[in-house]
Amino acid sequence: EGADFVLVNPLHAASPAPPMEPSPYLPVTRRFANPVYLRVEAIEEYAGLSMDDRARIEALSIPVRALSTSPDLIDRDVIWSAKSQALRIVFKAPLTPGRQALLDAYIEREGQGLTDFATWCALVDEHGDPETWSAALRDAGSALVAAERERLADSVRWHAWLQWQLDEQLTHAQQAAVDSGMRSGIVHDLAVGVHPHGSDAWALRDVLAHGISVGAPPDMYNQLGQNWSQPPWRPDALAEAGFLPYRDMLRTILRHAGGIRVDHVLGLFRLWWIPEGMPAYSGTFVTSDHEALIGILALE
């Protein structure tokens, strides 16, 4: 009572295939959220399910709810296995014309970024670990990926639908926070980077640096330096792209936020780049156009 905001960990998406990455600071994308956070019963179509379908969802929830009282670490794989089965039951429920229009509008608004992310998730479901993919699958613009997107159209729709549900529930959560009297509501957390084999690294290859990871130079706490295993933006390519990938990422997060914490905010000015195969202490600082990055952040 009396709080003006609540700060949450990054809600960025992890890979849909187990094992689910436990760290919210090593996501596969920073633009879209992790459906493990969805509340199944809060989805509007849940109310119209048959008694049998509700019973199936209830049965799936029992072992997961038992985990909530356990002192052990969170078992994300068990939770996602049960929750994804429950969500697929709701996914099969027909949408009213009004709800279908909302879904269509969401998909149109998020555009190619959502299509790419949903395609990557469908490919992970079908082909497993991206590190094992063929060269053609690793190329987001290849003819094979286009063919797979068509073949796996239902899976692509499923992953887009999940993001729509997250968009709705995150919107309602922020509204509830503000309605309760908070001035800012929910403050979201923006991780410093993404997994080197995640969807952003796959779909945004043109604006991310290849064969490079970011980290930190040696200091009094770590004499060898740090390697965070995350590819950085290429300042030149990001500028040539009009900073649109950066803007789109911020816009999606800030749509549901009363504020934002930027992890390692110094990264908007410079980052410690480490060439692949080199120790962390052999890196170098690379500067970014901080006036553009901070200006776009402020505008969004």
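How do the residues of the lining of the second largest cavity divide into nonpolar, polar and charged? They divide into eight nonpolar, four polar and no charged, where Ala, Val, Leu, Ile, Met, Phe, Trp, Tyr, Cys and Pro count as nonpolar, Asp, Glu, Lys and Arg as charged, and the others, Gly among them, as polar.

Before I go on, this is a predicted model, in which local features need pLDDT of at least 70 and side-chain atom pairs count only at pLDDT 80 or more, while totals for chains, interfaces and linings use all residues. Residues are numbered from 1 along each chain as its sequence is written, and side-chain values use heavy atoms, with hydrogens and water left out.

A cavity here is a set of points, on a 1 Å grid over the protein atoms alone, where a 1.4 Å probe fits but cannot get out, and lining residues have an atom within 4 Å of a point. The volume is the space filled by probe spheres set on the points, which are joined across faces, edges and corners.

The second largest cavity holds about 70 Å³, and its lining includes Trp80, Phe117 and His159. The largest cavity has a volume of about 180 Å³, and among the 18 residues that line it, Arg31, Phe32, Ala33, Leu170 and His256 are the closest to its centre. That lining divides into seven nonpolar, five polar and six charged residues.

Turning to Arg31, its side chain makes a polar contact with the side chain of Glu110 at 2.8 Å, a polar contact being a pair of N or O atoms within 3.5 Å of which, within protein, one must be able to donate a hydrogen and the other to accept it, and residues adjacent in sequence count only if both atoms are side-chain atoms.

Note on methods. 1 Å grid on protein atoms, 1.4 Å probe; cavity = no way out; pocket = protein on both sides within 12 Å on 5 of 7 lines; lining within 4 Å.
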